[in-house]
Amino acid sequence: MVNLEQLKEEAKKILSSGKIKYLIGYENIGASWQVRPAFICRPEDVDRLVWTPACFHNLTRFIHDEKRKRAREKNPDLRPIGLIIKGCDSRSINVLLQEKYLERNEVYLIGVSCELAGVIDETKLRNHLGGLKPEKILFGEKDTIKVIVNNEEREIPAPQILAKRCLECPANYPVIADIILGEKIKRNPTDRYKSISQYEKMSGPERWAFWLEQFSRCLRCYACRSVCPMCYCDECVADSIAFAVTAETTAEEKAQKIRWVERNPEPSENIFFHLVRAIHLAGRCVDCGECERVCPVAIPLRLLNQKMEKEAKELFGYEVGFDASQPPLIACFRDNDPQDFIR
Amino acid sequence: MRRTGVFVCHCGINIAGTVDVKKVAAELAKYPGVVYSEDYVYMCSDPGQNLIIQAIKEKKLDTIVVACCSPTLHETTFRNVAKIAGLNPYRCEIANIREQCSWVHREKDKATRKAISITRSIVEKVRRNESLEDVSVPVTKRALVIGGGIAGIQASLDIANAGYEVILVEKSPSIGGHMSQLSETFPTLDCSQCILTPKMVEVAKHPKVKLMTYSEVQEVSGFVGNFKVKILRKPTYVDADKCTLCDECTKVCPIVVPNEFDMGLTGRRAIYIPFPQAVPATYTIDEKACPGMFDTAIACGKCADVCKPGAINFDMKPEIIEVEVGAIIVATGYDLYDKSMMAEYGYGKYPDVLDGLQFERLLSASGPTRGKILRPSDKKEPKEVVFIQCVGSRDPELHWPYCSKICCMYTAKHAMLYKHHVPDGQAYIFYIDIRSGGKNYEEFVHRAVEEDGVLYLRGKVSKVFEDNGKLIVWGADTLTGKQIEIAADMVVLAMAIRPSKGTDELAKKLKIALDKDGFLAEAHPKLRPVESMTSGIFLAGAAQAPKDIPEAVGQASGAAAKAVAILSQERLFHSPTVARVLKNLCTGCGMCISVCPYEAISLKESKAEVNEILCEGCGTCSASCLRNAIQVKNLTPYHIQEMIKACLGG
């Protein structure tokens, strides 16, 4: 199990050394079990840090904000930023490195092993507790999760309340980090693509109908995009208003900006937005599952992303986020490519 | 608003037969911004072109759209017309209403509507076009010819005689290629070496030709007019200038390996000269065979001991030579398909089942038997010889679907020459068809049948096997419907022609395409048969498709003429419709760099940068960029969006 004190110690050490600008980790929201990202600048604040099965967030997403801030500042503080990362998050770091968005020395990574657990699924927990409100959620021994309800400690076997993405996760141990806390335990192999197995049985028209229904709910709040570690473009196909314009942008270029997708949540625009997003994530999405978790209308976005991930693996033998030195999926070409998808 | 002119071509009835061209012109005249719209029977004719020039001047047009055939055909014509009339050529665009409309539709109503949509979309495109100027680069006035067979030799001579430098690179120790292995050539039966060796000498002695044998192309970069090539010169370990060809070394060399020149019918030493007339005339130590090379523990050095002039130098190292050339001709030739692929003919295990080139060596005066036809197994004269055509060719299920083209003729020649050597022997030829299209070819085949009594049997051979010193051939004569069994003394297989070993790797280095069978792909099967898809790289000889000597020589001269057309230019012009990077959107992820087939993009200060000379404007980068940060000039996403709008709006 990851020793929280050790985590705090490491955090304190690196913050005191002045080698990093700040550290992003997790902290509880007030006295509740819930967790939010914590930005820690001073060594004395490390006591705020927590590590629980409610540390859902993929903190790599905050790199984008930092990069944008630096680009705006005249004399930016160029020290790396510290990040606490889980296995899935570490894969997204690899993709960012692959895409040269990030240099390895721009981040200091404290990896934490999920061991045999992961993060919980709130709905599953709620159902499990039958309406009772949890007070604290902590990692238990081995593959259990400790939940304190009415001052009473309950050990729940992790698989019962873990998020689906964790049950299907191929990287419970960070694949890239400066230091890693917790044990490297091989998790029992389960079906990696279980979530899409039902969905894949649907016929083409059924799937289309299914997605029409799902997308019709979309509010276009862009929470999925905001939370995504891969959505770092300055200009997005889904934005018909905010264009990346600099002092050098000519009037002609401004006039030629394209409004591919209108901002209003019409079904046709929603479909276009989500399909473009899915395609743009092909070979890049590491299935951290954050988009699906934050969606306020419960669109099962992981189905799209996982399908893409599976296709990449089956058609091209391409695994996302395990090796920062491999070229991105759509930039690799092999002469012996089977090209089965064309037939 | 721009002043656009639209010119609709009838193309005789090619377009007008299916599309109501008058209506297209009338509808476009109503389109906002179109100030002139006209139709004409042949827009590409002189009066048609004049009509455009006049309209541009009189109506003060600043953009024109010609609705006609595919831009691959007449884009240049009409852009020149625009230029003559004083417009920037890139203010002219082609609306393809023939290949993409009239030729593929039947219903006039619908086709007309589609033609209107297409033309409108091009009107929207041309309005947003930038005026561009051609990019130009100087030309390196030197050619590289890869492959020293007859095609490579001919191409080199033609270019050198036109006054340009040539570097001729040959992989093996001597030039000459497969032609030097042949005995006599069809249909005139003149001695192959006798007609080849003068050319070999001429090319080697030519002041404009730099011969690089035992060398291979290792890396190619650059572009038409300005290629940079790295050539690996393998060490021969023999100083050609000192060598006096006394042949003492081969007498003492203890190693014997199969002789490639005799197709393995004889052996050669580890130090060898490929054949007596080899050019350059010198010896080579085969490093794979010489024990002194691969095993330092064995210090043989016998050849060096007997070499009086001291020509042998074991310290020779491979050299990489960098050259700059303006054009490249690829003439890498062919190899025969391997006998071991033919299960039914004994996987090449029977010593008396030969392939065509081995039989050539038996026939050759310089061959292993000094021109006598003897069985390799027992050195006896074969009295019954079966020739089998189309072995591995015309067999899409198991081997290769194409016809190897030269086998009909050389098999007729083989049988004929066999009869000349062994008048009391019998030659049988199993064939599918006899393809003798060529000057005096048909007469040659007749001569084989009528004068020399060669027996042609139409059918395939199902099996060849050894029995009691004979080769039993089971076949069928499909004309009589009878099964045939021949107890032959020798079987000669006309193996399929394959591109020479290493063609695929070379094609990758040159970034030129292969066709489905592995031969080098030409740019157009009819109109550009000697050009590769990459400009400045030309094809000659059997590397492009199976061909006989006259055809290979003809293509080589064609390729040479194409190369000279480049070398004779002072500067080369390049289309300016290349990719452009929008720096503020580029994140420097480098995906465009990895997908670019022309290596035209590089990273500079974490942003992509396009080399406008290398870029061919294919748009692959644009398609791969997640951020639209790289776009092809005059075909940006904005152009495409406006074109789609115009299509849908109609």
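Biologist: How many Å separate the centres of domain 4 of chain B and domain 5 of chain B?
Modeller: In this predicted model, the two centres are 56 Å apart, taken over C-alpha atoms. Domain 4 of chain B covers 336-498 and domain 5 covers 578-632, with bounds that come from an automatic or database domain assignment. Residues are numbered from 1 along each chain as its sequence is written, and chains are lettered from A in the order in which they are written. Local features need pLDDT of at least 70 and side-chain atom pairs count only at pLDDT 80 or more, while totals for chains, interfaces and linings use all residues.

Biologist: Which strands pair with β21(B)?
Modeller: Pairing requires at least two DSSP bridges between two strands. β22(B), residues 426-431, pairs with β21(B) in the parallel sense over 5 bridges, and B:I388 has B:F430 as its bridge partner there. From β21(B) the chain passes through helix α11(B), residues 407-421, to β22(B) in a right-handed β-α-β crossover; that is, with the strands pointing away from the viewer, the path from the first strand over the helix to the second runs clockwise. β27(B), residues 490-495, is also a parallel partner over 5 bridges, with B:V492 opposite B:F387.

Biologist: And B:V491, what does it touch?
Modeller: Leaving aside residues up to four places away in sequence, its contacts are B:D352, B:V353, B:V386, B:I388, B:V464, B:L471 and B:V473. Contact means C-beta atoms, placed from the backbone, within 7 Å.

Biologist: Changing topic, how many residues does each chain give to the contact between B and A?
Modeller: Chain B gives 16 residues and chain A gives 17. On the side of chain B, α15 (591-595) and α17 (637-649) are the elements that give two or more residues.

Biologist: Lastly, why does A:L315 count as partly exposed?
Modeller: A:L315 counts as partly exposed because it has 14 C-beta neighbours inside 10 Å. A:L315 lies in helix α13 of chain A, residues 301-316. A:E206 is 109 residues from A:L315 in sequence and 24 Å from it in space, C-alpha to C-alpha.

Terms used
Helix = DSSP H or I, 4+ residues; strand = E, 2+ residues; numbered from the N terminus. Contact = placed C-beta atoms within 7 Å. Buried ≥ 20, exposed ≤ 12 C-beta atoms within 10 Å, placed from the backbone.
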